[in-house]
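Hello,

Here is the structure we talked about handing over.

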Amino acid sequence: METILKVEHLVKTFGTNEVLKDIDFNVSKGDVISIIGSSGSGKSTLLRCINMLEEATGGRILYHGKDILRGEIDEDTYRTKVGMVFQSFNLFNNYTVLENCIIGQTHVLKRGKEEAKAKALKYLSKVGMELYINAKPRQLSGGQKQRVAIARALAMDPEILLFDEPTSALDPEMVGEVLDVMMNLAKSGMTMLVVTHEMAFARSVSNRVVYMADGRIEEEGSPEEIFSSPKSQRTKDFLSRFNDK
Amino acid sequence: MSISEMNFLQRMLYILQEYSGSLLKGAATTMAIAIICTLLGCVIGFAVGLVQTIEPHRKDGLFKRGFLKVVKFILNAYVEIFRGTPMMLQAAFIYYGMSSVFGINLGMWSAAIIIVSVNTGAYMAETVRGGILSVDPGQREGARAIGMSQFQTMILVILPQALRNIMPQIGNNLIINIKDTCVLSIIGTVELFFTFKSISGALYTYFEAATVTMIIYFVLTFACSRILRYIESRMDGPSNFDLATTDTLAFTSGLTRYDSKKGGTC
């Protein structure tokens, strides 16, 4: 499969605190990669570095062979190709659901109004939010907001979608509706990189699982390898905490 | 009946009868200056406040960083000086200073408008800066993540929300301006306070003239604060929204009202 993203020797420090230490991994087309690990292991920072919300301190991030850290591709253009779904949704509070899904298309991709609207409605139906196009974000529940956020990201036709703990801020009964949407996306062949604490999701949906600890990739492999026969002791310890429950 | 024989109410009525024209004219001048200057002050405030929130980009060169620093310093000085000195003195300083030092004779109107709007701008700059900082950083990240530029993020996402956040403060400024234009009487602007001084000077009825003028000021400010409240609620939009049923592309069928308070369609 064609490699979309190649991360090489990625380092990120905040002051003297080294959050990411020499991260290497690839994302190929159609991959659904779950990144798991305890809080503070650098999972979210990795995702934010990939989307350039944080500037990596060292290493390379190659998008189709072009180094984004050296500006070989325009930052804003790159971001339209790599969508991001946040833990706190980050829908634009001053726009309706429909406008949230249109504004990026019309202002960034310079699509026509009608085309943008059709596309927005298509993805809003896909996440089951087509009835709520006139609502403002404050009128929606957390799960609904997150589904709109996913539709907003999809409307930009990204090549990869990054999910930064998309269900962590949700009430338990709303987690399911968001995971369902993500599962359907994965089935439709979307390339996804998911930072998550939902082990069932990581196990059943992704084709690759990355376990991170202390800013390093401790272990990486198929869900079967990671969950059934982890090699590293740290991975075992981490997973056993979930199995106990 | 001469004015000295009248009682309090009669004197007030007399003032209203005799001076209604000049009182109205004074009130109109006050309102015109207050509204124009609040709007201009907002423009200045947004410009200054916006520049003050700009962080230099990591790839910017030394020249650009230095330039930004100098601009920020000048704007900071402007804010501090105009916030830190009385507007009455500023009015005298600018109006008389311009004519005696530079030989520029500012018209009474232009002097009044410059002074009050520059003053409002200084206060608004800080308000706008606060308004921008109060918008959840996630909004900026959400906008950047779909590829919006810094500029688009500001114009489309941050500023509209900042504006909504600072609406009460803009209202505050308008009301302060309605009252504070009275210091312009020092340069001879014939606004409401100047009218009060003329009336009380002509009739020697300070108490009655002050009462009448205060009532007029209060009516003006109270009306403004109500209107601003209405504008705020309009900005918020309705608390309910319409559920789009059936074909959302065509919008042929009607819309169902969703009452968020009841939590269902009705």
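Below is what turned up, starting with the whole chain and moving on to single strands and residues.

A word on conventions before the details. This is a predicted model, so local features need pLDDT of at least 70 and side-chain atom pairs count only at pLDDT 80 or more, while totals for chains, interfaces and linings use all residues. Residues are numbered from 1 along each chain as its sequence is written, chains are lettered from A and ligands numbered from 1 in the order in which they are written, and side-chain values use heavy atoms, with hydrogens and water left out.

The whole chain

Chain A contains nine helices and ten strands; these are DSSP runs numbered from the N terminus, with helices being H or I over at least four residues and strands being E over at least two. Its radius of gyration is 18 Å, which agrees with the value near 18 Å for a compact globule of 245 residues (taken over C-alpha atoms; the globule rule is 2.2 Å times the number of residues to the power 0.38). The C-alpha trace spans about 55 × 45 × 35 Å along its principal axes.

Of the 245 residues in chain A, 58% are buried. Here buried means under 20% relative accessible area, exposed means over 50%, and partly exposed is in between, with a 1.4 Å probe and protein chains only. Among contacts with a separation of 6 or more, 65% are between residues 24 or more positions apart (a contact is heavy atoms within 4.5 Å). The accessible surface of chain A is about 10000 Å², and carbon and sulfur atoms hold 46% of that (Shrake-Rupley method, 1.4 Å probe; for residues, only the protein chains shown count as cover).

The strands

One open sheet in chain A has four strands in the order β2-β1-β4-β5, with antiparallel pairing. Its edge strands are β2 (17-28) and β5 (66-67), each of which pairs on one side only. Strands count as paired if DSSP finds at least two bridges between them. Within this sheet, β1 (residues 3-14) and β2(A) are joined by eight bridges in the antiparallel sense, and T3(A) has S28(A) of β2(A) as its bridge partner.

Strand β3 (residues 32-36) of chain A is another one to look at. Five of its five residues are buried, so the strand is largely enclosed by the rest of the structure. β3(A) pairs with β8(A) in the parallel sense over four bridges, where I33(A) is partnered with L193(A). Four bridges also join β3(A) to the parallel strand β9 (residues 208-213), and there I36(A) has Y211(A) as its partner.

Some single residues

H9(A) has a phi near 50 degrees, a positive value in a residue other than glycine. H9(A) sits in strand β1 and is partly exposed, at 47% relative accessibility. K110(A) also has a positive phi, near 55 degrees. K110(A) belongs to the loop between α3 (97-107) and α4 (113-126) and is exposed, with a relative accessible area of 62%.

S188(A) is in the loop between α6 (172-187) and β8 (191-195), and its relative accessibility of 48% makes it partly exposed.
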